[in-house]
Every structure is written in structure tokens, then in C-alpha cells.
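Hello,

Here is the structure I promised to pass on. Please have a look at it first, and then read my notes below.

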Amino acid sequence: MSRLENKVIIITGSCTGIGKAIARRCVAEGASVIVHGLQEELGEELVQELGPDHAGLYIEDLTNDGCPQRLVEFARSRFGKINAVVNNAALIATGTIKDTDAARFSEFLAINTLAPYLMIQAALPELSEQRGCILNIGSV
């Protein structure tokens, strides 16, 4: 039996990059995943690669009001439970205090700090029931 057999994992920001690699590995280890991101075409390609029986696609900006709850509800309706959330989605850009205005800084905080918090909050009842876990990723 694979170590993630029968586990359901939401992976934010998984249409590309690290999140995509995590989704591939989770499915290889036996999990079903919710691929999430903003690039619908790339997400659809990944779901087809992983197999529609093992992957579902949810496209929405995590900073939209209510998005984390809708993402959790989608995962539950698609696979019946949630065992883990990987908070991988991030906004990465360079700048200095001189050239980053308050609006841009707020955007960084919304996606990199507030969105993972709201994902945890939305998923916590299900994760508590399943004795699940959360992985928060930060990278540059």
C-alpha cells in the first residue's frame, strides 16, 4: 500500500512549479488531489496527466471573498473528505521599500499570509475530523 493511499489533498498554486510537482508526487504515492490555481489550461492538462479519477481542478483567486471555503467544499464534494492542505500558492516579485507601494504590499500579504490562514480556517473542521495535516510552503 502506498503511503498516501486514500488520502485527499488540496494543493494551492498547483497548476505550475513546486505545486505541480507536489501534485504529481502525491498521486504517485496514492493520493487524490485538488489542483488549484489561476491558469485553467495548465490545470486541465495536469488533471488529464494525473487522471480524472485522482485529480480535480478548482480555478479561483484565493484572495476572492469566500474562495477558501468554496475550495474546501469542492474537495469534499469531489472526493468526500480532506486529509491535508498544502498552502503553496504565492505571489513572488522583487522590490524595495522605495518602489513597493502600499497596494502592492497589501497584495503580497493577501496571497502569502492571509490566504493560507483562511485556507486553514476553512479546512480545519474537516482536517480535525480526519486527523489531517497542513503544510505551509514559503520559497523564493
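**Helix H2 and its surroundings**

In helix H2 (residues 40–50), Gly43, Leu46, Val47 and Leu50 are buried, where buried means under 20% relative accessible area, exposed over 50% and partly exposed in between (1.4 Å probe, protein chains only). Viewed down the axis of H2, these buried residues fall within an arc of 100 degrees, so they line one face of the helix; the arc is that of the directions from the helix axis to the C-beta atoms. Glu41 and Gln48, on the other side of H2, are exposed. H1, S2 and S3 are among the elements that cover the buried residues of H2, with contact meaning heavy atoms within 4.5 Å. Helices (H or I, at least four residues) and strands (E, at least two) are DSSP runs, numbered from the N terminus.

A word on the source: this is a predicted model, in which local features need pLDDT of at least 70, side-chain atom pairs count only at pLDDT 80 or more, and totals for chains, interfaces and linings use all residues. Residues are numbered from 1 along each chain as its sequence is written, and side-chain values use heavy atoms, leaving out hydrogens and water.

Now to the strands. Six of the six residues of S2 (residues 32–37) are buried, so this strand is largely enclosed by the rest of the structure. S2 pairs in the parallel sense with S3 (residues 55–59) over five bridges; strands pair if DSSP finds at least two bridges between them. Gly37 stands opposite Ile59 in S3.

Best wishes

Notes
Right-handed = clockwise from strand over helix to strand, strands pointing away.
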